[in-house]
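Open your viewer and get the selection tool ready.

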Amino acid sequence: MSVVKLIDIVLPKDAVYLAGSCIKGQVVLTLNSTLVDPIVKVELVGRGYVEWNEETGASLDYSRDIICNNKADYVHKTKTFSVTDNWLSAGSHTFDFHFNLPPRLPSTFTSKIGHVFYFLQASCMGREHILAKKRTYLLVQGTSDFHRENALQNPLFVETEKKVSYNCCSKGTICLQIQMEKNTFVPGERVVFTTEINNQTSKYIKTVIFALYTHVQYEGFTPKAERRSRVYSSELLRQEANTQITPFNTTKIVSTFNLPQVLSVSSDMRDGEIMSTQYELVGTIHLPWSLTNVKAKIPIIITSNPLDSDSCQLQEGSVLSMSEDCQN
């Protein structure tokens, strides 16, 4: 029978930690029997990596795939707990800890190409052997220096008008307009926008699709240390409005997206970073009877304000204050 029955990490449920905030929790160690000279510790680790295949020599008679990759270490801190008299009796033992996250961190993120992840790992060692360990992944929300009051907060308006042909000789126009009160948001906020569609054809418009896209630029290196970049776009949120817009008529649609609680903040690529993120709201009218579509696009900015330098907070739905000092 193993000396260690269980090791666990206790944290607030479904917590989202803001960069620069404090992670406060407990390591619970349950023993089947007495343990002499134990080493009990907890580590905070944050890493990121990107990897993709890229074709070289495509213009030649031969080509081959090479792997482009990159990685980043964001945080690595360790807390080793003191044990009175260097032994622990059978039963449960609780060790309190708290770590202070660095103020400049990217958000937890995952895609086909890149990952940013954070975790806590508790372990118990005896006589140079690891007896038990437990890893718990964290949700971390990055921050940005972008100030919302400096953003263009006047109503935003985009319009796309397109001439379409159908039924061989018939022609008409379709106008797609999207209006928003603002285009700067924080994770968890509601994105509300109004769409107006002017159908100047003799055909019905049955479907309008709205999607929030994420455009991520990745930076990596080949095995020969040559710098490479790649942009990967994906749908973050999507809505489909089943409408029956009659010929020669105008219709308005009010739509809402609820943003996830954790998002990468909008950013441009900086030296030393492995990825940058941009967002775009796209409205699309598909016209199967014309073999074409009409699109309107609005850039979306995602930001998250940094914590005050003297604050130590945990965001769980809303941000809760932590009065205790943080472990650096």
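A residue is called buried under 20% relative accessible area, exposed over 50% and partly exposed in between, with a 1.4 Å probe and protein chains only. The model is predicted, so local features need pLDDT of at least 70 and side-chain atom pairs 80 or more, while totals for chains, interfaces and linings use all residues. Residues are numbered from 1 along each chain as its sequence is written, and side-chain values use heavy atoms, leaving out hydrogens and water.

Start by selecting Phe 193 and Phe 210, which are both buried. Their rings form an edge-to-face pair, 5.3 Å centre to centre with 70 degrees between the planes. Rings of Phe, Tyr and Trp (its six-membered ring) pair if their centres lie within 6.5 Å; planes under 30 degrees apart are stacked, over 60 edge-to-face, and the rest tilted. Because Phe 193 lies in strand S15 (190–200) and Phe 210 in strand S16 (205–221), the pair ties together parts 17 residues apart in sequence. Strands are DSSP runs of E, at least two residues, numbered from the N terminus.

Next, select Tyr 49, Phe 117, Phe 119 and Tyr 137, a cluster linked by ring pairs.

Finally, go to Lys 41 in strand S5 (residues 38–56). Is Lys 41 buried or partly exposed? At 23% relative accessibility, Lys 41 counts as partly exposed. Beyond four places in sequence, its contacts (heavy atoms within 4.5 Å) include Thr 78, Phe 81 and Gln 121.

Technical notes: Helix = DSSP H or I, 4+ residues; strand = E, 2+ residues; numbered from the N terminus.
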